[in-house]
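Look at the structure first, then read on.

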Amino acid sequence: MRHRTLGSLRVSAIGLGAMPLSIEGRPDEPRALATVHAALDSGVTLLDTADSYHLPGAEPGHNELLVARALAAYGGDTDGVLVATKGGRGRPADGSWTVDGDPRRLKSAAEASLRRLGVEAIGLYQLHKPDPAVPFEESVGALRELLDEGKIRLAGVSNTDADQIRAAHRILGDRLVSVQNRYSPAVRDSEAELRLCAELGLAFLPWSPLGGISRSSLDGPSQPAAARPGAFHAVARAHGVSPQRVALAWLLARSPAVIPIPGASRPETIRDSAAAADLALDAQELELLNDAAAPVG
């Protein structure tokens with residue numbers, strides 16, 4: 001597994017998005033644990049979770065508890081594994097995704113995540129989404145307080161635009177290490193944010209990175225128009241691999257800042273995703289895939 005830089009850390013070039021292990025359609029616990037263990041066996045050292053990854057109306061933290069159990073039950077070394085979690089969203093009984101960026105509630109949520117993960121400090125804590133009802137600087141200020149208190153080691157933001165990333169960087173300095181935005185062959189609205197991350201030395205963690213190739217756990221009937229699948233499938237056939245692996249290799253080639261975090265609910269899925277780190281695409285293939293991907297938003 002190749003590695004990339006996240007702050008002062010080196011993490012696997014491909015991470016695991018653990019959300020599908022806890023929301024609707026989730027696998028049973030043995031298969032969920034086996035999926036996390038398969039990721040670790042494949043060299044994955046970045047696990048992405050959130051307190052809101054649970055069934056609608058259920059108690060927050062199912063996914064965090066699952067990740068903690070998987071790490072505790074793993075027979076190998078986990079010292080180099082970075083668990084990234086998020087706070088600031090909720091899942092009420094109607095299945096919607098709410099937003100709450102109140103600084104007091106963010107700090108309380110982080111402390112609850114800390115207990116569920118069973119660690120002295122959260123490796124990477126991310127503001128899940130800006131709350132339009134709360135000044136963004138106040139939400140980020142809660143991250144700064146958590147950093148100062150030693151409850152989190154690194155901070156990130158998610159679902160943010162370029163101005164918000166710059167504001168977070170002014171507040172947090174080099175303790176801001178990552179931005180997690182939607183980005184895939186089908187959705188390229190965050191191209192400017194990706195460029196800014198490369199400029200500022202921040203890792204860019206695409207969520208739903210297989211949009212246009214596979215349906216995301218968050219994609220509903222109004223899923224954006226897919227990328228033209230022909231090119232990704234043609235390159236996949238030429239290499240004898242899955243089109244999903246090609247899509248992740250294409251993402252890695254977009255920028256050294258990119259660390260995709262594809263979701264998985266089966267061991268074989270994350271094994272295939274992890275192998276994308278070693279798939280080399282030539283210039284002609286990358287040009288073909290760039291042309292096939294959705295236009296830059």
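Helices are DSSP runs of H or I with at least four residues, numbered from the N terminus. By that count, H6 is followed by Gly201, and the phi of Gly201 is positive, near 75°. The model is a predicted one.

**Helix H6.** This helix spans residues 191-200. Its buried residues are Glu191, Glu193, Leu194, Leu196 and Cys197.

**Glu285.** Which helix holds Glu285? Glu285 sits in H10, residues 283-292. Glu285 is buried but has no salt bridge. Arg237 is the nearest side chain of opposite charge, and it is 11 Å away. A salt bridge would need a Lys or Arg side-chain nitrogen within 4 Å of a carboxyl oxygen. Leaving aside residues up to four places away in sequence, Glu285 touches Val235, His239 and Ala280.

**The second largest pocket.** Its volume is about 470 Å³. The lining has 20 residues, and those nearest the pocket centre are Thr78, Val81, Leu82, Val83 and Val119. Elements that give two or more residues to this lining are strands E2, E5, E8 and E9 and helix H2. H2 supplies the largest share, 4 residues. By type, the lining of the second largest pocket has 14 nonpolar, 4 polar and 2 charged residues.

Methods: Residues numbered from 1 in each chain as written. Predicted model: local features only at pLDDT ≥ 70, side-chain atom pairs only at ≥ 80, totals over all residues. Heavy atoms only, no water. Buried < 20%, exposed > 50% of the residue type's maximum accessible area, 1.4 Å probe, protein only. Lys, Arg positive; Asp, Glu negative; His and termini not counted. Contact = heavy atoms within 4.5 Å. 1 Å grid on protein atoms, 1.4 Å probe; cavity = no way out; pocket = protein on both sides within 12 Å on 5 of 7 lines; lining within 4 Å. Points joined across faces, edges and corners; volume = space filled by probe spheres on them. Nonpolar A, V, L, I, M, F, W, Y, C, P; charged D, E, K, R; others polar.
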